[in-house]
Amino acid sequence: MSGAAALRAEVRDQLDRWRAEGVFTPRSDSWLVGYDEDFSRRLGARGWIGLTWSPEYGGHGRGFVDRFVLTEELLRAGAPVAAHWIADRQIGPAIARLGTGALRRELLPAIAAGEARFCLGMSEPDAGSDLASVRTRARRADGGWLLSGQKVWSSNAHRATHAYVLARTSDGERRHDGLSEFVLDMTASGVTVRRIPDLRGPGHFCEIFLDDAFVPDAWVLGEIGAGWAQVTEQLAFERGGPERVLSTYPLLRLLLDRAAGPAGRVGELVGRLVALRRLAFQVAVRMDAGQAPVAAAATLKLLGNRFEVDVIEAARETLPSDVDVRAALDDAMLAAPGFSLRGGTTEVLTVVVGREAMRAAR
Amino acid sequence: MSGAAALRAEVRDQLDRWRAEGVFTPRSDSWLVGYDEDFSRRLGARGWIGLTWSPEYGGHGRGFVDRFVLTEELLRAGAPVAAHWIADRQIGPAIARLGTGALRRELLPAIAAGEARFCLGMSEPDAGSDLASVRTRARRADGGWLLSGQKVWSSNAHRATHAYVLARTSDGERRHDGLSEFVLDMTASGVTVRRIPDLRGPGHFCEIFLDDAFVPDAWVLGEIGAGWAQVTEQLAFERGGPERVLSTYPLLRLLLDRAAGPAGRVGELVGRLVALRRLAFQVAVRMDAGQAPVAAAATLKLLGNRFEVDVIEAARETLPSDVDVRAALDDAMLAAPGFSLRGGTTEVLTVVVGREAMRAAR
Amino acid sequence: MTGMRAVAEAAVQVLAARAAPHRDEPAAEMAAMWRTTGEQGWHLLAVPEGDGGMGGDLADLADVVRAISAAGLSAPLPELHTGVFGTLAAGRDPAAALAGRIGVALPRGAEVAVPWGRHLDAAVVAGTTVACADLRPAVNLAHEPVDTLARPAPDGGPDPTGTRWRLLHAARLVGAAEGAARRTAAYAATREQFGRPIARFQAVAALVAEAHAQTVLAAAALDAALAAADDGAVTVPAALATAARAAGVVARCAHQVHGAIGVTRELGLERLTRRLWAWRDLPTEHELEDGIGRVVRAGGEALAWSAGPEIDVRSGG
Amino acid sequence: MTGMRAVAEAAVQVLAARAAPHRDEPAAEMAAMWRTTGEQGWHLLAVPEGDGGMGGDLADLADVVRAISAAGLSAPLPELHTGVFGTLAAGRDPAAALAGRIGVALPRGAEVAVPWGRHLDAAVVAGTTVACADLRPAVNLAHEPVDTLARPAPDGGPDPTGTRWRLLHAARLVGAAEGAARRTAAYAATREQFGRPIARFQAVAALVAEAHAQTVLAAAALDAALAAADDGAVTVPAALATAARAAGVVARCAHQVHGAIGVTRELGLERLTRRLWAWRDLPTEHELEDGIGRVVRAGGEALAWSAGPEIDVRSGG
């Protein structure tokens with residue numbers, strides 16, 4: 001058995017046990033709304049956070065294909081992985097790639113243990129898809145930087161221990177110049193968080209208000225002024241994972257196990273699932289080969305988000321009056337508007353994929 | 001029984017008889033490729049061409065709702081109406097609206113009799129969706145105009161008696177200025193037609209080469225220089241009819257009468273058909289009220305073209321191995337690429353509908 | 001009936017004012033909507049004045065229903081009207097029909113769903129009346145009460161009361177779709193990104209156009225159903241199915257154009273889209289289309305085609 | 001196997017040269033394609049050299065099939081390869097297997113379709129061989145011969161030969177989709193309207209992106225099938241269904257971007273799209289998905305999930 005296959009079996013067995021013991025209840029969109037700090041610590045103790053990082057920093061030195069297999073099984077189970085997801089997926093790797101030695105030593109082991117929990121400070125009220133127009137400022141201070149501004153649509157910020165913040169350190173000629181990346185301690189003075197109620201209730205969305213919040217020099221990511229190029233590198237990590245396909249898998253699982261509905265509808269979904277999973281696997285293989293397959297990741301997200309919604313529509317078609325399906329369906333329905341907005345809107349991804357098509361045809 | 005209902009019954013009975021007698025064989029896309037001059041003369045003799053024009057010019061002075069009912073039944077039957085379709089739908093009405101007395105007297109009765117057959121000289125090799133960039137020129141001559149240039153994608157031009165031609169009579173500041181509309185006798189010297197073979201074989205598409213082809217002053221439509229505004233007025237006529245919904249109806253009819261396929265799929269198509277037919281009816285009602293419902297016509301065509309293609313997909317799903325269905329399906333499949341290109345591409349229509357949505361929301 | 005626009009506007013104003021104090025208490029909001037509808041009696045439109053109704057025709061009632069849902073509000077007009085309609089059709093005394101709190105029961109799998117059932121004495125279904133006792137309480141995605149009766153549904157067959165409710169439910173969906181599409185177009189025209197209104201991006205304009213086109217189509221289907229309100233086999237279910245499909249597309253386009261802010265409680269778009277999702281599911285377009293498909297399978301193409309568009313006294317031809 | 005790109009390029013060159021003289025005589029073109037394939041023996045890729053084949057693995061053969069169809073050409077590689085594969089699997093003498101003109105038979109309703117049947121002696125299906133006599137001649141939308149046998153199809157059940165053909169047919173579809181998507185992207189980047197390349201319009205760029213995305217997905221599904229070539233229950237039909245769906249979308253996007261000129265014989269796009277339409281219909285994605293659905297209904301979610309992506313000797317994990 002290959003390492004990946006063994007890991008898959010191991011994760012599956014553990015999750016089946018935990019589920020049977022009532023440690024968690026499966027749910028769609030669990031990587032965003034399945035917030036359970038204890039569960040993250042359990043995974044950390046099992047060695048299932050920071051799988052790809054160096055053991056020197058609390059990681060396990062395994063490949064992206066292994067991480068792909070692990071995350072597939074977590075999403076399949078609808079396990080509550082939101083508390084550590086952002087750190088494990090993209091900020092941990094960014095710290096490993098760009099962080100100072102001090103930052104790596106302090107944060108990577110804490111993330112891998114499920115203790116340090118990250119939120120993203122990227123979007124602003126007037127900087128959504130147009131990320132280059134961020135206005136949050138960082139100005140020089142003794143031994144570090146003072147951040148001021150407003151971030152929005154930051155998921156679970158109200159209970160995160162740390163934030164990734166994209167801020168402007170100078171005004172370049174081009175809008176993309178003068179941006180820098182920071183790691184912020186959420187307990188720093190000058191940091192205020194307000195939750196934003198949404199259609200799911202109190203919700204996960206937050207605003208972060210920064211009023212001269214201090215970040216020490218050692219917590220700057222990479223180079224001052226190189227933020228745009230650096231954040232772009234996060235995209236393959238952010239967009240290319242199985243959570244762009246499997247957000248509603250727990251609902252599909254329910255349908256498949258009921259063995260209901262038109263066979264052709266079920267077969268179409270399963271066939272497409274096979275193709276999408278292979279595409280996500282190919283992204284992981286290319287990341288293991290040292291590439292940053294940004295266009296392939298965009299393609300995956302574009303098609304994967306469509307699949308996630310089509311699962312909901314299939315449930316509507318198949319079992320509209322089944323009470324259990326109904327609850328899972330309603331839960332997934334309220335999550336659906338976010339699928340094609342978060343992590344790059346469909347419109348932005350379409351531009352990326354179109355450019356790739358024309359590049360490849362030259 | 002209302003006048004429309006009586007007309008519907010009358011047309012239906014006649015077409016059933018003709019079909020039973022072998023006068024015609026039903027076919028998808030018959031308004032473009034069902035070219036039968038004898039059949040057009042038959043319809044003319046029955047009074048079913050030029051229904052809305054004044055009796056003074058060979059018409060019958062009835063409303064657009066009546067014409068809607070007539071064309072619905074013709075399309076439902078898949079009758080070969082291509083020879084007179086363009087003249088009946090848009091150029092006849094344009095002549096009635098804008099033509100000189102001489103032109104009306106000469107051509108409208110001939111159209112209504114099924115004797116004068118029109119093709120459209122609008123598109124050019126570098127003027128497709130961007131119609132304002134036409135380069136065909138008309139220069140002043142004694143008692144008329146000399147036309148030179150090249151038109152393309154002109155359906156059935158090789159057997160048309162007349163052409164509508166949009167040409168440039170001067171160079172205005174704006175590209176939309178300086179255009180004029182002409183009616184051309186296809187037997188005039190300087191007119192050459194070349195057929196363009198396509199995926200259906202020899203096909204209906206033609207190129208028209210104009211080399212100082214003469215048009216007398218009396219055959220100018222409306223005002224010299226006002227061509228852009230005038231051609232825009234044709235749009236509701238061109239886009240708002242049932243042929244934008246029913247091009248593949250003969251295939252659907254076959255499916256419905258076989259009573260095969262998933263009930264839900266059939267029900268979806270029939271439900272949408274009811275809605276689309278009502279929308280086309282509403283366009284006709286508004287034309288009877290003197291309006292030019294350009295946005296509603298664009299909406300109809302946008303949604304109707306989608307329906308036409310979905311009928312083909314339903315046939316693929318329902319009866320892929322039935323020999324009769326297969327022949328009708330293949331015939332419709334080869335017609336399908338044209339649906340969303342002719343008479344305004346989907347992309348152009350989407351812009352029109354989007355603008356209307358924002359106008360209505362103000 | 002003249003002045004219907006004023007009636008619709010007044011209904012929206014009254015309901016909005018009664019809903020406002022309960023923004024974070026959906027159950028209280030719904031109870032207020034129930035009380036207000038009962039007090040005002042808008043559901044008695046299209047009930048003959050001779051029977052104690054408000055007069056007017058079905059299109060007038062549909063216009064009021066549509067305006068209320070376009071404003072993101074809930075009100076049991078379709079249910080209460082259908083209750084009166086069904087009771088009168090059964091030959092009951094008009095005064096009794098109007099006095100009772102009677103709604104509609106909707107067969108649903110092995111159960112019967114009764115919208116607003118907790119407030120009702122009884123509900124009509126397929127020519128009979130069932131008592132609203134022993135209901136299992138439930139709410140839909142829009143927080144509206146849709147309680148269920150465990151008793152099996154009466155046998156199928158023509159159900160004029162069900163058809164009447166479906167027609168008005170279609171009007172309800174069309175209104176919410178129109179409200180959401182309109183908000184979406186307005187937002188796209190004003191919200192700026194990359195230095196210009198987002199409507200200037202064709203990808204965004206296409207979403208605006210799609211939402212608009214779907215509402216136009218659903219409105220046309222509703223118009224057809226109002227002209228053939230007794231055609232419970234094809235035209236009326238077609239109208240509701242078209243509205244249900246429009247609902248899904250419009251909600252998707254609306255949220256996509258609005259971006260993250262669209263899901264916030266504060267913006268209020270979710271008052272419309274939650275209703276679109278809830279209403280399109282009882283029944284789903286699939287259930288309706290399956291029914292149409294069975295009818296057409298039996299009647300062939302001639303039956304499908306006979307649901308023609310010009311059966312309309314107002315336009316005549 | 002190294003040098004496979006050279007083999008594929010040579011195959012395209014040879015076939016294109018033999019097709020060129022017959023542009024307006026499809027029957028003659030197809031006969032030439034048949035003869036050329038037989039002479040060159042490309043279908044013996046992935047047949048062991050010890051059995052008289054050309055060696056290489058299935059992915060090599062699929063690459064050649066894909067390159068040929070990407071160029072808008074027809075060739076019976078999948079049929080002839082499957083004939084050899086099925087004959088060898090049945091334990092026949094390798095020399096006899098390679099000498100015979102043996103193709104594949106595809107159950108289809110009450111009949112059996114035999115692609116290129118008029119040129120064949122026999123065809124394999126579900127472990128047996130049927131003689132190609134008394135065929136009813138027919139051609140598909142791409143002018144290729146797809147003749148039919150009136151005899152009823154053998155009973156269902158696992159059919160490794162059918163699975164092998166489906167895998168290669170998927171490669172054929174993927175190639176044509178890639179060819180059409182590539183032409184479409186190149187055309188959009190160069191064709192000007194309204195004073196600029198049409199790719200600058202988001203509506204056009206979206207069509208280019210969609211066509212590209214569908215080919216990427218279909219290629220991924222093919223890749224999965226090559227890694228699980230024996231999974232005739234889920235992975236292989238999933239690859240063919242994904243390719244068939246991609247075919248429809250790519251053909252639609254390609255014609256929409258090209259405008260009217262796209263349907264002309266002269267441009268040559270129709271050589272690709274006619275093939276996409278023909279190939280996606282035997283079998284249709286619906287037939288394949290219905291089969292997958294039945295398997296999954298019996299095996300549940302665990303079976304569906306077990307068609308996992310990392311079963312791949314080349315990547316291992």
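A residue is called buried if 20 or more other C-beta atoms lie within 10 Å of its own, exposed if 12 or fewer do, and partly exposed in between, with C-beta atoms placed from the backbone. By this count, 62% of the 317 residues of chain C are buried. The model is a predicted one, in which local features need pLDDT of at least 70 and side-chain atom pairs count only at pLDDT 80 or more, while totals for chains, interfaces and linings use all residues. Residues are numbered from 1 along each chain as its sequence is written, and chains are lettered from A and ligands numbered from 1 in the order in which they are written.

**Confidence**

- The model scores ipTM 0.96 and pTM 0.97.
- The average pLDDT (the predictor's confidence in each residue, from 0 to 100) of chain C is 93, and 95% of its residues score at least 70.

**Overall form of chain A**

- Chain A holds 12 helices and 8 strands; helices (H or I, at least four residues) and strands (E, at least two) are DSSP runs, numbered from the N terminus.
- The radius of gyration of chain A is 20 Å, which agrees with the value near 21 Å that a compact globule of 362 residues would have. This radius is taken over C-alpha atoms, and the globule rule is 2.2 Å times the number of residues to the power 0.38.
- The C-alpha trace of chain A spans about 65 × 45 × 45 Å along its principal axes.
- In chain A, 60% of the 362 residues count as buried.
- Among the contacts in chain A with a separation of 6 or more, 75% are between residues 24 or more positions apart.

**Overall form of chain C**

- Chain C has 10 helices and 8 strands. Its radius of gyration of 19 Å is close to the 20 Å that the globule rule gives for 317 residues, so chain C is as compact as a globular protein of that length.
- Taken along the principal axes, the C-alpha atoms of chain C fill a box of roughly 65 × 50 × 45 Å.
- Residues 24 or more positions apart make up 65% of the contacts in chain C with a separation of 6 or more.

**A sheet in chain C**

- Three strands of chain C form an open sheet in the order β2-β3-β6, with antiparallel pairing; two strands pair if DSSP finds at least two bridges between them.
- β2 (106-108) and β6 (146-149) of chain C are at the edges with a single partner strand each, so one side of each has no neighbour in the sheet.
- Strand β3 (residues 111-115) of chain C is joined to β6(C) by 4 bridges and runs antiparallel to it, with P115(C) opposite V146(C).

**Strand β4 of chain B**

- In strand β4 (residues 162-168) of chain B, 7 of its 7 residues are buried.
- In a regular strand the side chains alternate between the two faces of the sheet.
- From β4(B), H162(B), Y164(B), L166(B) and R168(B) point one way, whereas A163(B), V165(B) and A167(B) point the other way.
- Strand β1 (residues 118-121) of chain B runs parallel to β4(B) and is joined to it by 4 bridges; L120(B) stands opposite Y164(B).
- Strand β5 (residues 179-185) of chain B pairs with β4(B) in the antiparallel sense over 7 bridges, and D185(B) is the bridge partner of H162(B).

**A hairpin in chain D**

- Strands β4 (residues 122-125) and β5 (residues 128-131) of chain D pair in the antiparallel sense over 4 bridges, and A123(D) stands opposite V130(D).
- The hairpin of β4(D) and β5(D) has 2 residues between the strands, and A126(D) takes a positive phi near 45°.

**Interfaces**

- The contact between chains C and B takes 45 residues from chain C and 39 residues from chain B.
- α10(C) gives the largest share of the side of chain C that touches chain B, with 13 residues.
- Between chains B and D, 21 residues of chain B are in contact with 23 residues of chain D.
- On the side of chain B that touches chain D, α12(B) gives the most, with 4 residues.

Key
Two residues are in contact if their C-beta atoms, placed from the backbone, lie within 7 Å.
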